Amino acid sequence: MPETHHDAEPAVDVQPSGEVTVDELTVDELASRVGMTVRNVRAYASRGLLAPPRLEGRTGYYSQSHVNQLTLVRTLLERGFTLQAVEKALLDKTPKTADYALDLITVLDSPLAREPESELMSRAGLTALAGIPRDADLAERLVERGLATIVDDDTLEVHHPEVVRAGASAISLGLRPDTVLELLPAMTPPLRAVADDLVQRVRDDIWQPFVQEGMPDERWQEIVTAIANLLPVAAQAVVAVFRDELAHAIDEALGEELEALGEQGPKS
C-alpha cells in the first residue's frame, strides 16, 4: 500500500512492562528531525536507503533507526561522497549498519581525531600571533599555500587553524616565515604515510575480524571503544617518536656547531 502523509501525532507504543514511550515519527516529523525535505526523504526511500516504515492504515511511522539511516546518508554526502557511492555502500544493508557507522563517525570526529576545518581570524590577530608587523604579507603567503582564504580586508578564513597557529608561534620564536611555510607541507607526506599504515592495520587487526564474525551486537561496544582509544595512543606515539628523533637531531647539530667553534680557534 503506498504511503501517504497525514497530520498525526507520533504513535504511542505500550511496552509489555506497561511503560509508555513515544518513539515514532510521521514523515514530516522525520524530515524535520534530520534536516531534510519530505521530498528528499521519499527520494532516498525510493533508492533503498531508508527501510520501509511501520504502516498504520495509510500512515507510515518511522523510528530512531530511520533517523539514523537518513542522518548517515546526509553525513556521508556532506563529507563529499557521491550519492552513487553512498548507495553502493548502504544498499540492502541492515538498519544496524547505520547505527554502527554513525558511532564510528562520532568517534573519528572527536576533538582528539580531527581539528576544526577552518575558523575566522583577523589579519591583526595573525600577525600579532607571529610577532611581525601588521603590514607583513603573511596572510597572502598563507593564501598562496592554500592555508587561508580572504574573506574581506580585515578577515581570513584560516584552514587547519591549529597548524597555522603553531606555524605563527614558530615565527614569533625566530624562524623566518619562509622557513615555516616550507616546513609545514614537508611534514605532511611522512605523517600521512604513518597514518595510512596505522589505519590499514586497524582495519586488518580489528575491523575485518569483526566483520567476518558477522558484526555481532554484543561485540560492538568493544570494537568502537578500541578504535576510540587507539586515536590518542597513536597521537602520543607519534609525538614521542618525533620528540626522540628531535633530541637526536639536536645532539648532532650541537656537536657540529661545537666542532665548528673549535676549528675557528680563539679570537685575537
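In the predicted model, Phe210 counts as buried, at 0% relative accessibility. The ring centres of Trp207 and Phe210 lie 5.7 Å apart and the planes meet at 55°, so the pair is tilted. Trp207 and Phe210 are separated by about one helical turn, being 3 residues apart in helix α9 (residues 177–212).

Trp207 also forms an aromatic pair with Trp220, which is edge-to-face, at 6.1 Å centre to centre and 75° between the planes. This pair links distant parts of the chain, since Trp207 belongs to helix α9 and Trp220 to helix α10 (residues 217–264), 13 residues apart. Trp220 counts as buried, at 6% relative accessibility. Ring pairs join Tyr100, Trp207, Phe210 and Trp220 into a cluster. The count of aromatic pairs comes to 5.

Elsewhere, helix α3 (residues 64–78) packs with helix α4 (residues 83–90) at an angle of about 135°, and their axes are 10 Å apart. The two helices, α3 and α4, are therefore oblique to each other, and α3 passes α4 in a right-handed crossing. Leu72, Val73, Leu76 and Leu77 of α3 make the contact with Leu83, Val86 and Leu90 of α4. The residues of this contact divide into 7 nonpolar, no polar and no charged.

Helix α3 also contains Gln69. Gln69 is buried, with a relative accessible area of 8%. Leaving aside residues up to four places away in sequence, Gln69 touches Leu49, Leu50, Ala51, Pro95 and Ala98.

Notes:
Residues numbered from 1 in each chain as written. Predicted model: local features only at pLDDT ≥ 70, side-chain atom pairs only at ≥ 80, totals over all residues. Heavy atoms only, no water. Axes fitted to C-alpha atoms, helices over the stretch in contact; angles between N-to-C directions. Helix = DSSP H or I, 4+ residues; strand = E, 2+ residues; numbered from the N terminus. Parallel < 35°, antiparallel > 145°, perpendicular 65-115°, else oblique. Left-handed = near helix turned anticlockwise from the far one by under 90°. Contact = heavy atoms within 4.5 Å. Nonpolar A, V, L, I, M, F, W, Y, C, P; charged D, E, K, R; others polar. Buried < 20%, exposed > 50% of the residue type's maximum accessible area, 1.4 Å probe, protein only. Phe/Tyr/Trp six-rings, centres within 6.5 Å; stacked < 30°, edge-to-face > 60°.
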